Amino acid sequence: MQKWRATRRLLLNSYSSKSRFDHPRSNPISDHSTTISRSSSGFESWTSRILHYRHFATAMIQRNPSFSTLNSDDINHFKGILGDKNVIEDEDTLLFANTDWMRKYKGSSKLLLQPRTTQEVSEVLKYCNSRRLAVVPQGGNTGLVGGSVPVFDEVIINVGSMKQVISFDKVSGVLVCEAGCILENLVSFLDNQGFIMPLDLGAKGSCQIGGNVSTNAGGLRLVRYGSLHGTVLGIEAVLANGDVLDMLGTLRKDNTGYDLKHLFIGSEGSLGIVTKVSILTPPKLSSVNLAFLACKDYSSCQKLLFEAKRRLGEILSAFEFLDNESLNLALNHLEGVRNPLPPAMHNFYVLIETTGSDESYDKEKLEAFLLRSMEDGLISDGVIAQDINQASSFWRIREGVPEALMKAGAVYKYDLSLPVETMYNLVEEMRTILGNSAKVIGYGHLGDGNLHFNISTPQYDDAILAQIEPFVYEWTSKQRGSISAEHGLGLMKANKIFYSKSHETVQLMASIKKLMDPNGILNPYKVLPYSIVSYI
């Protein structure tokens, strides 16, 4: 107890005594990504990295010969639907729309469409289906698995112009909005109403709610509010043939037949384009506290999680972890980031956030938990944020790791769900395999068993990739884990789905795809393996 108090006095004497703060997270580059500046002096290396990675990302894929090629008649037809200014052929704009933010995937689409209404989406898809023009739905283009950019020359349908809040009910907390609403704008809107989004991503400044739903994005609050399968009450979606499915319910209970909205949550635009969403939002609570802690080993992190769930209970809202390699990357590559703890390097770090309605009670409960944890040897050191600026600096470390990885060189990223007790074994085994040829980094959402597993190297190397894959997928499969916890499958993992799903399950998925999109025009080459999906 004395050690914690002494440490706390040492670390906090330069901060104000204010302990209440709002959610400060706004880092634009995160596990869920965002747009980045591509006009820097590193443009050539950026381009070469795209080309290198795409070489092994698309090596097994050939353009579906049944798809038509865009012509001038098609472009004129789209202009008749959308107007000239919403049919984009500008090369610079298309370069960005064709390329994912990770610089891994680059398509060759010649056309970007920007519909403003569901009706326009319907008319566009009806025409594309009749012509067998493949399309790729796109929102903020913040994905990490190549799901939101073309593989070849697919027409890009970007719903970013559909950004209206349709309604908000303060009694029920149900928000209804269009798919192009940027997550951060929804956060601001709800903040003024005294509510919050149940979804919180580092990419919230760029990502859009339609894309969030289509990928079933997870994020930092999942441990508290659950996944979008639980908070999304209804959607509106447009099918490949242009039919509009109105499932935009706002009821928490509706047991009338099959709950078809769940087919579109996480299907990455391969079954239809989500155009509207209704989502249940929690009230904004007045007391938020954040602690940045050090642990001596991974076992202590596990035990701390168990104790946090048991002793913090209803106020626990986030439990994140990162190893010392992750912290080193953030300190070395992110401007203005500093270690909140004394210079001694620890093996692991944990961020614990609590959210409640009684500031005094919540803070006392958190401090009592931390004191007990230090006495039990689970915590080596730690600090509680005393204001919004300090809290923001804590989150900047955790959310800045992906940005630091990008700045450090080439990065191989994997998003895995694994049993918490064995999760970090993968990191240790990979370090043994790769030795000094690469840095292996582990961090993520420990509270829900989600490991962000990254290998950092000076440049992409096929020899290193061969050591990583298929080992990482085989290892995950043996643990009965998931090869995609929250990023989706996209192009990167479409052919890897069998590591997590049985052949019978995947075959049923392919049958559903065939039923809903018989011409296969919606986001082709993604989600399902090329060997199973047979296109007409």
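These legends describe close-up views of a predicted model. Local features need pLDDT of at least 70 and side-chain atom pairs pLDDT 80 or more, while totals for chains, interfaces and linings use all residues. Residues are numbered from 1 along each chain as its sequence is written, and side-chain values use heavy atoms, with hydrogens and water left out.

View A. Strand β12 covers residues 348–356; strands (E, at least two residues) and helices (H or I, at least four) are DSSP runs numbered from the N terminus. It is largely enclosed by the rest of the structure, because 9 of its 9 residues are buried (under 20% relative accessible area, with exposed over 50% and partly exposed in between; 1.4 Å probe, protein chains only). Strand β10 (residues 287–295) runs antiparallel to β12, joined by 9 bridges, and β11 (residues 316–323) is also antiparallel to β12, with 7 bridges. Strands pair if DSSP finds at least two bridges between them. L351 in β12 stands opposite F292 and E320.

**View B. Salt bridge between R311 and E307.** The two side chains meet at 2.9 Å, N to O; a salt bridge is a side-chain nitrogen of Lys or Arg within 4 Å of a carboxyl oxygen of Asp or Glu. R311 and E307 are 4 residues apart in helix α11 (residues 298–311), so about one helical turn separates them. R311 is partly exposed at 30% relative accessibility, whereas E307 is buried at 16%.

**View C. Salt-bridge network of D200, K204 and R221.** The closest N and O atoms of D200 and K204 are 3.6 Å apart. Both D200 and K204 are buried.
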